[in-house]
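Hi everyone, thanks for coming.

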2 protein chains.
Amino acid sequence: MEKHTYLQIIEALSEQIENGHYQPGDRLPSERELSQQLGVSRMTVRQAMNSLVTRGMAYRQQGLGTFVAKPKVEHHVDLLTSFQVSMERIGLKHSTKLLSIEQIRANKKLAGKLGVNIGQLLCYIHRLRMHNGDPISLEYSYFPASLCPHIEQFDLEHRSIYEILENEYEIQIDVADQFFEPVVANEYESEMLSVPINAPLMLVSRVSYDVDGNAIEFGKDLYRGDKTRFVSRSPRHERNER
Amino acid sequence: MEKHTYLQIIEALSEQIENGHYQPGDRLPSERELSQQLGVSRMTVRQAMNSLVTRGMAYRQQGLGTFVAKPKVEHHVDLLTSFQVSMERIGLKHSTKLLSIEQIRANKKLAGKLGVNIGQLLCYIHRLRMHNGDPISLEYSYFPASLCPHIEQFDLEHRSIYEILENEYEIQIDVADQFFEPVVANEYESEMLSVPINAPLMLVSRVSYDVDGNAIEFGKDLYRGDKTRFVSRSPRHERNER
DNA sequence: GAGTGGTCTAGACCACTCA
DNA sequence: GAGTGGTCTAGACCACTCA
């Protein structure tokens with residue numbers, strides 16, 4: 001049994017949770033058990049488990065053990081709302097770094113979001129947004145590759161995806177459903193966004209549709225909580241409870 | 001120098017940051033320095049400082065020290081949007097617990113939000129929302145006491161504040177500006193919401209106005225990140241960048 | 001009583017920064 | 001070289017849960 005760092009232990013446990021080896025509600029190995037198995041001290045295992053708990057992937061019950069978190073209950077709004085974050089208006093210099101653009105096959109989750117078959121070719125674009133030199137958000141975007149062949153020829157560091165879809169491929173986005181969730185940064189996110197592991201982030205996930213109701217894009221944006229807040233103005237007559 | 005637990009150290013440092021003893025950008029005492037001063041081990045000080053860092057109140061720079069976090073940059077949207085979380089529609093049993101109702105004097109922050117003088121009497125209502133037996137959000141609400149004398153006579157566990165203002169005091173809320181920020185739970189919040197310290201929460205803060213533009217209410221709601229997500233539908237024609 | 005997580009100790013060595 | 005945070009050890013005692 002070789003030695004592990006706490007980051008490797010996080011990695012290993014996360015994977016076993018994500019691939020279903022541990023199901024929601026399952027008990028994870030105890031701290032003492034894992035520390036013996038891995039040949040590290042209990043505090044090192046605890047540091048790893050702390051991260052899973054803070055990240056919402058696990059929860060502890062004193063005297064009982066540590067368990068895999070259960071899926072979220074979903075809450076819906078009952079009226080159309082619009083929501084936009086615009087950072088460009090406040091005079092901050094902004095830039096975009098293209099981290100990755102490739103064709104991938106739709107897995108089950110992506111296929112479900114986009115209403116396509118599993119295995120269908122998707123275009124995957126991964127970018128980092130900077131404002132005044134600081135990384136501010138990490139963005140993931142997926143859409144059917146058939147919609148926009150050779151999109152890699154366009155300048156994805158200075159043009160927006162939506163603008164390219166509209167002007168180069170004549171695809172009109174009509175509406176988007178957006179979901180906002182508070183999360184904490186994992187190792188990759190913390191490195192890319194220059195924040196500590198477990199720092200608060202806003203996860204904005206989104207499915208965009210054309211006028212015919214076809215899903216065009218699935219997107220996930222992670223905003224730094226220490227640099228961003230989201231603002232909206234709500235007319236009362238569309239509210240019904242407070 | 002008496003002994004301290006890590007929670008007491010968090011408390012002490014938070015207070016010194018909040019009352020301005022340490023200014024944004026200031027270096028906090030080093031971990032070794034504090035552990036000597038307080039007569040605890042360095043790991044205990046680290047556990048406290050970890051919490052400040054995760055909570056966004058401080059940041060670390062290896063080789064340099066731990067520093068008080070700098071204030072957030074604000075980002076604004078440029079169009080009216082509406083936004084509502086409605087949990088009642090999905091068939092969960094909900095209830096409200098009134099934790100506190102009292103008259104307080106406006107401090108500088110509250111006076112600024114509500115456009116009143118420092119020291120003016122405010123009504124303060126603090127409630128906990130439950131859904132299916134689980135605590136789901138912790139709510140704070142402040143408004144000028146003169147608007148609604150003897151509001152404590154009404155049933156604040158079964159009626160909404162807005163509804164009472166409208167029907168009992170003939171005060172009409174016209175619009176509300178709302179701010180959404182991902183944060184992590186502190187000790188009090190974690191206890192009230194039954195989540196671990198540093199669990200992700202959605203902070204929704206709000207100022208509501210009547211038709212004449214007078215500020216009526218300042219509110220702060222903290223939603224459990226593991227139980228809630230916020231949804232909106234955005235028409236593309238009101239978007240301008242992606 | 002046996003097992004669990006919660007907190008704490010008194011060290012150690014590392015990587016990093018600055019003078 | 002001196003000081004900082006980052007990680008880790010090999011214990012300890014506590015509070016809690018269940019049988």
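Some housekeeping. This is a predicted model, where local features need pLDDT of at least 70 and side-chain atom pairs count only at pLDDT 80 or more, while totals for chains, interfaces and linings use all residues. Residues are numbered from 1 along each chain as its sequence is written, and chains are lettered from A and ligands numbered from 1 in the order in which they are written.

Okay, chain A. Its secondary structure comes to six helices and nine strands. By those I mean DSSP runs, H or I over at least four residues for helices and E over at least two for strands, numbered from the N terminus. Chain A has 242 residues, and 33% of them count as buried. Buried is when 20 or more other C-beta atoms lie within 10 Å of a residue's own, exposed is 12 or fewer, and partly exposed is in between, with C-beta atoms placed from the backbone. Now take the chain A contacts between residues at least 6 apart in sequence: 58% of those join residues at least 24 apart. A contact here is two C-beta atoms, placed from the backbone, within 7 Å.

"Near" means that the C-beta atom, placed from the backbone, lies within 6 Å. Two or more residues each come from helix H2 (31-38), helix H3 (42-54) and strand S2 (65-68) of chain A, and from helix H3 (42-54) of chain B. H3(B) gives the most, with four residues.

Now DNA strand D. It's surrounded by 22 residues, and the closest are Thr5(A), Tyr6(A), Ser41(A), Gly63(A) and Ser30(B). At least two residues each are supplied by H3 of chain A and by H2, H3 and strand S2 (65-68) of chain B. H3(A) gives the most there, with four residues.

Two packed helices are described by the angle between their axes and the distance between the axes. In chain B, the axes of H2 (residues 31-38) and H3 come within 8 Å and cross at roughly 115°. Those axes are lines fitted to C-alpha atoms, for helices over the stretch in contact, with angles from 0 to 180 degrees between N-to-C directions. Who makes the contact? From H2(B) it's Glu31(B), Arg32(B), Leu34(B) and Ser35(B), and from H3(B) it's Arg42(B), Thr44(B), Val45(B), Arg46(B) and Met49(B). That's three nonpolar, two polar and four charged residues.

Next, the inside. The largest nonpolar core has 32 residues, and Ala185(A), Leu201(A) and Leu201(B) have the most contacts inside it. Such a core is a set of buried Ala, Val, Leu, Ile, Met, Phe, Trp, Tyr and Cys residues joined through C-beta atoms within 7 Å. Leaving aside residues up to four places away in sequence, Leu201(B) touches Pro182(A) from chain A, and its partners in chain B include Val183(B), Leu222(B) and Tyr223(B). There's also a second, separate core of 15 residues, including Ile125(B) and Phe143(B).

Finally, some single residues. His150(A) isn't a glycine, yet it has a positive phi of about 60°. You'll find it in the loop between strand S5 (134-144) and helix H5 (161-169) of chain A. Is His150(A) buried or exposed? It counts as exposed, because it has 9 C-beta neighbours inside 10 Å.

Glu170(B) has a positive phi too, about 55°, and isn't a glycine either. Its loop runs between helix H5 (161-169) and strand S6 (173-184) of chain B. With 7 C-beta neighbours inside 10 Å, Glu170(B) counts as exposed.

Last one: Arg127(B), in strand S4 (residues 121-131) of chain B. It has 19 other C-beta atoms within 10 Å, so it's partly exposed. Arg127(B) and Ser141(B) are 14 residues apart in sequence and 8.5 Å apart in space, C-alpha to C-alpha. That's my tour, thanks!

Notes. Ala, Val, Leu, Ile, Met, Phe, Trp, Tyr, Cys and Pro count as nonpolar, Asp, Glu, Lys and Arg as charged, and the others, Gly among them, as polar.
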